[in-house]
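Welcome! Please take a moment with the sequence and the 3D view before reading on; the report below walks through some strands and some charged pairs.

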Amino acid sequence: MSDASSDQGAPVAATINLGADFDHPVSKVWNAFADTRQRVQWGVPEGEEMICDIDEFRPGGASRARCGSPGVLEFVSAGQYCSLAPERHLVTTETLTRDDEILSTAIITWTFAATPTGTRVDLVEQVVSFAGQGMIDGHRSGHEICLRQLAEFLSSSGPGPREGRLLRD
């Protein structure tokens, strides 16, 4: 395995803060995260594909997904659910690799709060990129897309246009 930090210089770190308001109750928004079949529909940008190999949605549970170009799935995301408080918060780790090269690692905190009109979701990600600033920008953009697609998914009556699959052992 190559060390991307030696190729790209010093690691780049950032804290990403994003949030969105949803016109849906906390239970519905939470379930879109907790149910892997729902998450793979809104959690991948349009034109890309995600296959979730492992999703142990519980404190200490593992997660592993392959994503990227359909049929290629050049990225692997592996992590752990560090803390879950149903309908309140979700804390995960994520290490993203391509061809066994570590591109980034992060800790991501999602909080869910009831509002008079629905739910407020806030995301704080502390990310370290070993592949330069572009990876940080990609994390931010990816989360923005996911929040937008989550809103579309929650408001639709059926699955979204993205491809996603859950594989179970």
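Let's begin with strand 5 (residues 89-98) and strand 6 (residues 101-115), which pair in the antiparallel sense over 10 bridges. Keep in mind that this is a predicted model. The two strands form a hairpin with 2 residues between them. In that turn you can find Asp99, whose phi is positive, at about 50°. Arg98 has Glu101 in strand 6 as its bridge partner.

Strand 6 also pairs with strand 7 (residues 118-129): the two run antiparallel and are joined by 12 bridges.

Side chains of opposite charge can pair when their charged atoms come close. How many salt bridges does a search of the whole structure find? The search gives 6.

One of them is formed by Arg120 and Asp21, with the closest N and O atoms 3.2 Å apart. This pair links distant parts of the chain, since Arg120 belongs to strand 7 and Asp21 to strand 1 (residues 12-22), 99 residues apart. Arg120 is partly exposed, with a relative accessible area of 27%, while Asp21 is exposed, at 53%. Asp21 and Arg120 are also linked with Asp122 in a network of salt bridges.

## Two pairs that involve strand 2

Next, look at Arg39 and Asp55, which form a salt bridge whose closest N and O atoms are 2.9 Å apart. Arg39 lies in helix 3 (residues 36-42) and Asp55 in strand 2 (residues 49-55), so this pair ties together parts that are 16 residues apart in sequence. Are these two residues buried or exposed? Arg39 is buried, with a relative accessible area of 17%, and Asp55 counts as buried at 7% relative accessibility.

Strand 2 also holds Asp53, which forms a salt bridge with Arg64. Their closest N and O atoms are 2.5 Å apart. Because Asp53 lies in strand 2 and Arg64 in strand 3 (residues 62-68), the pair ties together parts that are 11 residues apart in sequence. Asp53 counts as buried, at 15% relative accessibility, whereas Arg64 is partly exposed, with a relative accessible area of 30%.

Definitions and conventions: Residues numbered from 1 in each chain as written. Predicted model: local features only at pLDDT ≥ 70, side-chain atom pairs only at ≥ 80, totals over all residues. Heavy atoms only, no water. Pairing = 2+ DSSP bridges. Helix = DSSP H or I, 4+ residues; strand = E, 2+ residues; numbered from the N terminus. Salt bridge = Lys/Arg side-chain N within 4 Å of Asp/Glu carboxyl O. Buried < 20%, exposed > 50% of the residue type's maximum accessible area, 1.4 Å probe, protein only.
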